[in-house]
Amino acid sequence: MTHMDAQTIAAAGLPALGWALHGGLLLRRLATARRDPLTGLHTRAGWTARAEHLMAKNANAVVLLVDLDDFKAINDTHGHAAGDAVLTATADRLTTWCGRHGIAARLGGDEFAAIVTDPDRTAGLLPLQTALDQPVTHHGHVLRVSASVGQCHRTDLTVPALTDALSAADASMYAAKGHGRRNTR
């Protein structure tokens, strides 16, 4: 191979290398867009596709919605950094509860979701509620935290659709809120 042939091959390969790098960057951006930058949890878009798949494949699946009670008061009283600490702690607690049998997401603001494929392999809803209601310490301040949790079992649905499960879990969560803070339904 002559020196000129090597230059021609190298010149032809540069665009391919550029496209490969560009594609890698795009994939990385897409992956980070599907993760909440604060908590590391899936965002709504990233979670939905996976949750739909898990719901279709697992007859015992349970969908949860979690909403922090009086979260605005934490931000207003202690600042957004304290609120971020509460959001991060909630994400960690929900992820720990799901374990290897589910996935959690931050849907936005102070609202979280999770799906577990087999609720019998979790600690149960009461321990989740207890964990979510634990105070968070931030810069020497003990922040009282409570959450309302709604759930929907796949078996409770006529058609196992994620949108229906989320609607039922939402109704369940608001029923829990109606019975006071720190409730699960």
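The structure is a predicted model, in which local features need pLDDT of at least 70 and side-chain atom pairs count only at pLDDT 80 or more, while totals for chains, interfaces and linings use all residues. Residues are numbered from 1 along each chain as its sequence is written, and side-chain values use heavy atoms, with hydrogens and water left out.

**Exercise 1. Describe the overall make-up of the chain and the confidence of the prediction.**

Step 1. Helices (H or I, at least four residues) and strands (E, at least two) are DSSP runs, numbered from the N terminus. The chain has six helices and six strands, and their order from the N terminus is α-α-β-α-α-β-β-α-β-β-β-α.

Step 2. Of the 185 residues, 40% count as buried; buried means under 20% relative accessible area, exposed over 50%, and partly exposed in between (1.4 Å probe, protein chains only).

Step 3. The pLDDT, which is the predictor's confidence in each residue from 0 to 100, averages 86 over the chain, and 78% of the residues score at least 70. Confidence is highest in strand β3 (residues 111-116), at 98, and lowest in helix α1 (residues 3-33), at a mean of 55. Over residues 24-32 the pLDDT is below 50, and this stretch has zero contacts in the model beyond near neighbours in sequence. Where pLDDT is low, the predicted coordinates should not be read in detail.

**Exercise 2. Determine how helices α4 and α5 are arranged.**

Step 1. Axes are lines fitted to C-alpha atoms, for helices over the stretch in contact, and angles run from 0 to 180 degrees between N-to-C directions. Helix α4 (residues 80-98) packs against helix α5 (residues 125-132) at an angle of about 160°, with the axes 9 Å apart.

Step 2. Angles under 35 degrees count as roughly parallel, over 145 as roughly antiparallel, 65 to 115 as roughly perpendicular and the rest as oblique. The helices α4 and α5 are therefore roughly antiparallel to each other.

Step 3. With contact meaning heavy atoms within 4.5 Å, Thr90, Arg93, Leu94 and Trp97 of α4 meet Leu125, Leu128, Ala131 and Leu132 of α5. The residues of this contact divide into six nonpolar, one polar and one charged. In this classification, Ala, Val, Leu, Ile, Met, Phe, Trp, Tyr, Cys and Pro count as nonpolar, Asp, Glu, Lys and Arg as charged, and the others, Gly among them, as polar.

**Exercise 3. Carry out the corresponding analysis for helices α2 and α6.**

Step 1. The axes of helix α2 (residues 44-57) and helix α6 (residues 162-178) come within 10 Å and cross at roughly 100°.

Step 2. The helices α2 and α6 are therefore roughly perpendicular to each other.

Step 3. Trp47, Thr48, Ala51, Glu52 and Met55 in α2 meet Leu162, Ala165 and Leu166 in α6. By class, this contact has six nonpolar, one polar and one charged residues.

**Exercise 4. Examine the backbone and the accessibility of Asp70 and His139.**

Step 1. Most residues other than glycine have a negative phi. Asp70, however, has a positive phi, near 55°, and His139 has a positive phi near 50°.

Step 2. Asp70 lies in the loop between β1 (62-68) and α3 (71-78), whereas His139 lies in the loop between β4 (136-138) and β5 (141-143).

Step 3. Asp70 counts as partly exposed because its relative accessibility is 47%. His139 is exposed, with a relative accessible area of 69%.
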